[in-house]
Amino acid sequence: MAKVAASLLAADILHLEDEILRMQQAGVDALHYDVMDGIFVPNISFGWSMLEQISGVSRLPLDVHLMIAQPERYIEKFAKAGARTITVHVEATNHLHRVLEQIRDCGCLAGVSLNPATSPETLQYVLGEFDQVLAMTVNPGFGGQSLIPQVVTKVGEIKKMLVSANVEAEIEVDGGVDTQSAPHLVRQGATLLVTGSALFRAPDAAAFVQELHAL
């Protein structure tokens with residue numbers, strides 16, 4: 001069964017608590033929390049203070065995706081604010097191995113993310129040091145984008161690499177995930193589907209989640 005994470009970037013921020021409760025009732029497995037700094041990506045989004053408030057009202061695991069330059073500066077703050085998983089980008093730090101160790105030392109699961117044009121080969125030297133791989137299926141920084149088709153087979157490459165190295169890790173995908181694109185991603189090996197606009201705008205969120213869970 002594929003797991004589903006609701007991307008809060010697509011939620012109605014003025015009614016965020018209601019949106020979180022709606023996602024819980026719909027049966028999602030986690031809340032995906034995008035952090036953007038206006039440097040690594042062109043947009044600016046949430047910080048650790050909002051995450052702390054969310055952790056006080058939600059029973060769902062908080063999947064924190066740091067789309068920020070030099071993420072090592074803020075790992076401890078997001079861990080203390082309630083993150084279950086913290087994911088950093090290969091492209092955002094000069095010391096990936098050290099940052100992944102830092103995340104685990106803070107008591108969180110460690111995730112590593114790849115932009116669409118970044119090769120899976122960049123994972124070779126940190127195999128075993130992460131619990132989750134996030135394959136971006138759009139260029140990060142904005143919600144509501146369409147999936148880049150070329151990235152679908154990249155998910156399969158990541159899966160083969162993990163199996164070959166006998167490494168167990170969640171394979172997460174984020175960007176343009178809906179009921180049409182999700183089956184292709186799951187067939188390639190995706191196990192955690194991050195979905196935003198398609199889920200929050202669905203006429204029946206529970207039915208949408210059930211359809212993805214069934215993949």
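This is a predicted model: local features need pLDDT of at least 70, side-chain atom pairs count only at pLDDT 80 or more; totals for chains, interfaces and linings use all residues.
Q: What do the eight strands form, and in what order do they run?
A: They make a closed barrel, in the order E1-E2-E3-E4-E5-E6-E7-E8, with parallel pairing. From one strand to the next the twist averages 25 degrees.

Q: How many bridges join E6 and E7?
A: Five, in the parallel sense, between E6 at residues 132–136 and E7 at residues 170–174.

Q: Which residue in E7 is the bridge partner of Met-136?
A: Asp-174. Elsewhere along this pair, Ile-171 in E7 stands opposite Val-133.

Q: And the other neighbour, how many bridges between E7 and E8?
A: Three, again parallel, with E8 covering residues 192–195. Asp-174 has a bridge partner here too, namely Val-194 in E8.

Q: Is E7 mostly covered or mostly open?
A: Mostly covered, with four of its five residues buried.

Q: Which strands does helix H5 lie across?
A: H5, residues 151–164, lies across E5 (109–114), E6 and E7. Relative to E7, the helix runs at about 165 degrees.

Q: Which residues lie nearest its centre?
A: Lys-3, Thr-85, Gln-132, Glu-170 and Leu-192, out of 13 lining residues. Among these, Gln-132 belongs to E6 and Glu-170 to E7, while Leu-192 belongs to E8.

Q: How many of the lining residues are charged?
A: Six are charged, alongside five nonpolar and two polar residues.

Methods:
Residues are numbered from 1 along each chain as its sequence is written. Side-chain values use heavy atoms; hydrogens and water are left out. Two strands pair if DSSP finds at least two bridges between them. Helices (H or I, at least four residues) and strands (E, at least two) are DSSP runs, numbered from the N terminus. Axes are lines fitted to C-alpha atoms, for helices over the stretch in contact, and angles run from 0 to 180 degrees between N-to-C directions. Contact means heavy atoms within 4.5 Å. On a 1 Å grid over the protein atoms alone, a cavity is a set of points where a 1.4 Å probe fits but cannot get out, and a pocket is an open set with protein on both sides within 12 Å along at least five of seven lines; lining residues have an atom within 4 Å of a point. Ala, Val, Leu, Ile, Met, Phe, Trp, Tyr, Cys and Pro count as nonpolar, Asp, Glu, Lys and Arg as charged, and the others, Gly among them, as polar. Buried means under 20% relative accessible area, exposed over 50%, partly exposed in between (1.4 Å probe, protein chains only).
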